[in-house]
Structures are given as C-alpha cells and as structure tokens.
Amino acid sequence: MEISELLQPYRLKNLILRNRIVMAPMLSRLCYPEGIVSPQLIDYYAERARGGVGLIIVEYCYIDEKESKANQGQLGAYDDQLIAGLGDLAEAIQEWGTKAVLQICHGGRSTSAKFMGRQPIAPSAMPSYTGEMAREMTLSEIENTIESFAEAARRAKIAGFDGVELHGAHGYLMAQFLSPYTNRRPDVYGRDRGLFALQTLERVRSRVGKDYLVGYRMSGEEFIEGGVTLQETKAFAKRLEERGIDYIHVSAGIIETGQHFVIPMYFPKGHLLHLSEGIKSAVNIPVIAVGALHDPLLAEQALKKKQADLIAMGRALIADPELPNKIQSGRTEDIRTCLRCNEGCSSRVRQSKTQRCAVNAEVGRERQMRLHPVLRPKHVCIIGGGPAGMEAARVLALRRHRVTLIEKENELGGLLRYAAVPDFKAELRSFLEYQKTQVKKLGVEVLLNRRATLDFLKELKPDNVALAAGSSMSVPEIPGSHKPFVATAIDLLSGKYQAGDRVLVAGGAAMGCEVAAHLASLGKKVTLVEMLGDLALDLEMRSRLAILQLLKERGVEFLTGWKLAKIEEGYALLLGGDFKEMQVKADSVILALGLTSNQELLKPLTETFGNFFVIGDCLEPRKIYQAIHEGAFSGRAI
Ligand SMILES: Cc1cc2nc3c(=O)[nH]c(=O)nc-3n(C[C@H](O)[C@H](O)[C@H](O)COP(=O)(O)OP(=O)(O)OC[C@H]3O[C@@H](n4cnc5c(N)ncnc54)[C@H](O)[C@@H]3O)c2cc1C
Ligand SMILES: Cc1cc2nc3c(=O)[nH]c(=O)nc-3n(C[C@H](O)[C@H](O)[C@H](O)COP(=O)(O)O)c2cc1C
Ligand code: SF4
C-alpha cells in the first residue's frame, strides 16, 4: 500500500500541519527540578521536530503548586516565571516546521503526597494507585483548579505554543470527574460528571480566545469495571464539540490499567482504533488516534478507513525521531522500530528515572551522543553479529571506521533470530531487519559462518576489538534433561526441535512465558512451571500484565512454586513446598531456564589485545536494552 494520506498536510483549526503524524505527549523527566525547561529537554524535542513530525504535543505539565503534580520530574506551567523556558521549548520545535501544543494536567488521586508534600485531592475520597488516600475536593478547590487550568493555558499561549491539550485521559483529575468509577459526588459535579471538564474548557477558552487551539485527550474507555464506556465518551465528546473544543485525542485506560494505553508487544497493534473510530462517528471535529500505531501502513489504513483524522505516535518517535522523514523519503527499511517493550521509556519514568529507549541510546542525551566522524579511521573487529555487535558496527561505520563483523552462524541476528519467532514479536522481527539493513548499507564487512579465534584475529590485525559473543542456553543437570524429548527454548524456536502435543515449559520468566504462549498458539496443550511464586517477574509491570492476560487467553496452565525435578518419557516430576511431589503428563519438555555468557575468548583476548570492549550478553545475560547501549557506547569510544 502506498503511503499518501499520512503525509498530506492537514488543517487543524488555524494551523497547517505538514503531515498527519502527531507526537503523543510523553513524560520524559528531562526538565530541571520544579518543572523548569532544561537544555536536554529542548534537544530531545528539537530532535523529534527535525525528524519531520507534523505536530508535537509536549508532555503533561502541572498547573499549580498545590496538589496538581502527578509525577516527579514533571514539566511545569504553574507560574509566570516558567514562561521563558516554555517559550524556548516551543520555538525549538517550531523552528523545524513542527507545530507545538502543550498538554496541561492535574493528577487528582493519581499521584502521591511525596511529589507536592500535600494529600492528593480528587472528586471523591479514594485511594490512589499508590494506596494513599485522596480527599474529596471542596467546591472552592474545584473553582481554584479550573482557574489554574486557565492560567496554565494562558502561559502556554504567551510562551508561543500553538495550542493546549487538556489531559482528560488516563485517570487523572479531569478523567476522574468524568468516570463513575472515581466520581461518587452527590453534588452537581457528581450529577453531571462532565461538568468539571466543560467548565474548565469554558474558562480556558475565555483566557486564550476563540482562535487559539484547545484540544482534549480522553480515555475512550477505561478498561476497568465501573469505568467510562465508549457509549458514554461518545456522548461526552459531542458535548465537548458543542462547547467549542477543537479536536479530541482518543486514548484509553487509567493508571491502574496502563497496559491498555502504553500497549506492550503482547497486545495487537492498533489496539485502540475502535475507540477513535467510535468517537469519530459521534463528532465532526478532528479526532486523533493513538496506541501502537507505529506501523506506517496501519496508520495509513486507519486514515483511509476514517478511523481518525490524525495519527499520534509516542514510543515510535522515541525509538526513531526521524520516522516521519524516513516515510516521506521512502526509506521505511531504515526505520528503527520501537519494540513496545517499555523497558527504556515507560518503565524507567515510573521508577523516577529519565526517559531512555531500548533501541535508541541517544534518547535524553541527544547532544552528548551526537556522532562525530573520526580523523584517523581504525580497523575494528567485532566478534558476534547479535544486536550488541550490530549496533557497535553501525556506530563505528557511521564514524568512518573500517569494521569487520565476525559471526559464526550463517546469518546475523544472534538470539534475536529466535526471540523474534512468536507471533506477538513482529516489532522484534522488524528491528532485526533494520539492524541487518544498516550493517549492509554502511559497508560493514560481514564474515558469516566464521568462528572468531585468537589466531584468526591475529591474522586480521585489527586496531581494536569488541567482543559481543552473547550467551547460550543453560541446561541444568536435572535427571532426564538430556533425553531426546527435552529441548531448550532456542532449539524449539529455531525449529531444530518439534514439540509433541502436550508440552511442559520449565521456567516462568519472560522467556518461558513467551515460549508457552507461542506453543499454545500452535495448538499445543501447555503447562508452564515456575519455581518462584509468580510469573514474568523480569518484565516491567505493563508488559507483565499483558503477557499474563495472553497466557490466560491462550489456555496455558500455570504452576508456580513448583520446581522441575526429573523428566521421564511421558511425564515430568515436580517438587513443591513441604516436599510435595506432582507428576505432569508431557510429551515434550522445553527448558527456558536462563542463559550463560559465551566468554571463551575473554582470557585469550585479554592476554593478546589488552584493552578491548566486552558488550551485551557476553558480559552478562540481560536484554536488548543493554546490548544496544553497550554497542552504542563502545562504538563512540573508539
Ligand atoms: C527466546 C528469547 C527471547 C528473548 N526476548 C527478548 C525480548 O523480548 N526483549 C529483550 O530485551 N531481550 C530478549 N531476549 C534477550 C536478548 O535476545 C539478548 O539480550 C540479546 O540478544 C543479547 O545480544 P548480544 O548481541 O549481546 O548477544 P547475542 O544475541 O547472543 O549474539 C551473539 C552473537 O555472537 C555470535 N558468536 C558467539 N561466539 C562467536 C565467535 N567465537 N565467533 C563469531 N561469532 C560468535 C553468536 O552466534 C551470536 O550470533 C531474549 C532471549 C531469548 C533467548
Ligand atoms: C514514557 C511515557 C510517558 C507518557 N506520558 C504521557 C503524558 O505525559 N501524557 C499523556 O497523555 N500520555 C502519556 N503517555 C502515553 C502516550 O501519550 C501514548 O498514549 C502511549 O505511549 C501509546 O502510544 P504509542 O503506542 O504510540 O507509544 C506516556 C507514554 C510513555 C511511554
Ligand atoms: S524503550 Fe522499548 S517501548 Fe520504549 S520506545 Fe524504546 S523500544 Fe519502544
């Protein structure tokens, strides 16, 4: 399918957007304390504007110094002294031809007293996701909050932003008023749950004028029992339209159901398109769709099917700020695909850290990580063509070094070749293709089917060496673990081993869960056994909730607190607490019990080359995040 609609300019009220791609608002934690704009924040957004996106909706800002702050490291729009910094930010975006909107927000119950030193307030007294109790807002607090929204919008306008977006999604204050789950007030704000947002809109409008762009982000549904439904949000969208909102941006969920708006790889792409489509059918103003819409073809199709007028992408633009320009110039094979892993972005910001990205080591330090070509190129040999080795090769080649990438297998990719097999790992397959394409395009010399040895390296006489030999599956000495009906996860995923109808998967970390879900999709009857009390504990929270849901949907049976003790033909013996034993019928047993680093070359290389880089799983089995970051840093250090 040709991509045309997505690239068309679009009139949004008085603004002409150069295309229909919008950057979704995303907390970066890159500002200074007290929500002041920092140079890192400016560089981060300027990089994305430079990459060609039509509109950037800047991350949520807090609007007063009382209870509105929803998170540490949040940007502020609560005081006139912040206008200068916000102005620099708006300008840095607009200079690249991108329009800039500022999202304004009050956390309500979705915050903690830690952030502002005050008890959270909410439409009704209810605990927050942290378990802290929020108290019910008084009428004068409601009035003051409406005024704070209007003042924050005024500051955005003075700063030079092209518009503001009221954050009425994800279970923050405005959404709390709308939702029957969180608004149990007996007064007028409870009888009409939309009133707070409508009054806020009216006040904002009176402050910024009728020509200024004011949008509204809503959760089309909240994915929680008792929360708002699409039927209700459609009716509310009509009311917003009648009161002069300029666009509606349709997300979903509340903090507690965050897996439905920061959608992990285990849920399908375009997970929320039915919601934007529903809202669009109810109104005549522009509707923005969001949620795993990073695939340009899917985005194009959504526009063609009139499921939305604009497409917001969040993580896709963290992973690759140049995505819009790459689509524009027909270089889609160069797009560095977001994995929807949440490891660097969502998970880190939830832990009070700055935003980063598993596949893009530059995020949040765009200036520091800018690539500079070298004056005197060196010859660098990289051992291992997995993600760490390929990232190091990419960076070194971009810096004009001569790179030889040595891989013992007949293909590049390392463990990603197997990790990417399950149906829900489409993004990983696409990222692997991206890496292979870059290595090829940049003229890296690739030696396949070549096991690097010390003698071979001596022959090549490199100036520098990076060891990226990765890791291999661990096979513990359990009685029966070497029998023919027992295989490792990699044997299975590589197609070397074909599983029988009843399969026991040992190891309930992410790898085992994924293997179990994959086998279940092939029609196998799967039992997943984990020694610990719970599954997928190595995944960030949203991904974990999503894979647990997938395992249930696919009918995988789980046994936690049980250890694989012995394997015999037709069954496996498990040991539980208090010396309990259980036999589970199984035609095949798949071991997903961890990885061991390939460090055979470590000692000989140290003795011969002295100073060299050891990167990725070869150092210690971990994840793509570490493989890419270590590859990126070693590539810059030589
Ligand atoms: C089933 C599975 C699923 C996974 N899913 C995810 C996921 O969803 N997200 C995530 O973040 N991580 C995931 N991982 C982990 C991730 O794949 C690894 O962290 C990552 O691949 C490590 O990259 P690397 O380049 O360091 O090593 P590897 O990917 O192991 O690559 C090392 C390469 O070196 C080659 N090599 C070794 N010795 C030599 C030698 N002497 N000469 C030449 N070549 C050599 C190997 O053949 C291999 O190609 C998964 C792992 C598995 C097994
Ligand atoms: C790190 C991170 C921070 C986010 N912060 C915000 C925010 O400030 N305001 C908001 O409305 N949504 C926020 N979101 C949700 C995104 O705007 C977007 O809806 C979500 O990531 C789904 O889009 P995607 O699949 O294209 O990433 C955040 C998401 C991420 C990953
Ligand atoms: S950390 Fe993972 S989910 Fe987040 S932007 Fe990067 S690749 Fe995407």
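Predicted model: local features only at pLDDT ≥ 70, side-chain atom pairs only at ≥ 80, totals over all residues.
Q: How do you know that domain 1 and domain 3 are in contact?
A: Contact calls for heavy atoms within 4.5 Å. Nine residues from domain 1 and nine residues from domain 3 take part in the contact.

Q: What is the area buried between domain 1 and domain 3, and what share do carbon and sulfur atoms give?
A: The size of an interface is often given as the accessible area lost when the parts come together. Here that comes to about 800 Å², with 64% from carbon and sulfur atoms. On the domain 1 side, Gln259, Tyr266 and Phe267 lose the most area to domain 3, together 66% of what that side buries.

Q: Why does the rule find zero salt bridges between domain 1 and domain 3?
A: A salt bridge needs a Lys or Arg side-chain nitrogen within 4 Å of an Asp or Glu carboxyl oxygen, so a pair has to have a charged residue on each side. The side of domain 1 that touches domain 3 has six nonpolar, three polar and no charged residues. The count of salt bridges across this interface is zero, while one residue pair is in polar contact.

Q: What makes the pair of Gln103 and ligand 2 a polar contact?
A: The cut-off is 3.5 Å between N or O atoms. A polar side-chain atom of Gln103 sits 2.8 Å from a nitrogen atom of ligand 2, so the pair qualifies. Backbone N or O atoms also reach oxygen atoms of ligand 2: one of Tyr60 at 3.2 Å and one of Ala292 at 2.7 Å.

Q: How do you know how much of ligand 2 the protein buries?
A: Taken alone, ligand 2 exposes 600 Å², and the protein buries 95% of that. Around ligand 2 there are 21 residues, the closest being Pro25, Arg217, Ala292, Gly314 and Arg315.

Q: What makes Ala452 a polar contact of ligand 1?
A: A polar backbone atom of Ala452 is 2.8 Å from a nitrogen atom of ligand 1, and the limit is 3.5 Å, so this counts. Oxygen atoms of ligand 1 meet polar backbone atoms of Ala388 at 3.0 Å and of Ile624 at 2.8 Å. Of the 1,000 Å² that ligand 1 exposes alone, the protein buries 93%.

Key. Residues numbered from 1 in each chain as written. Chains lettered and ligands numbered in written order. Heavy atoms only, no water. Buried area = accessible area lost by both parts, 1.4 Å probe. Polar contact = N/O pair within 3.5 Å; in protein donor to acceptor, adjacent residues only side chain to side chain. Nonpolar A, V, L, I, M, F, W, Y, C, P; charged D, E, K, R; others polar. Near = heavy atom within 4 Å. Areas by Shrake-Rupley, 256 points an atom, 1.4 Å probe, with all protein chains shown as cover.
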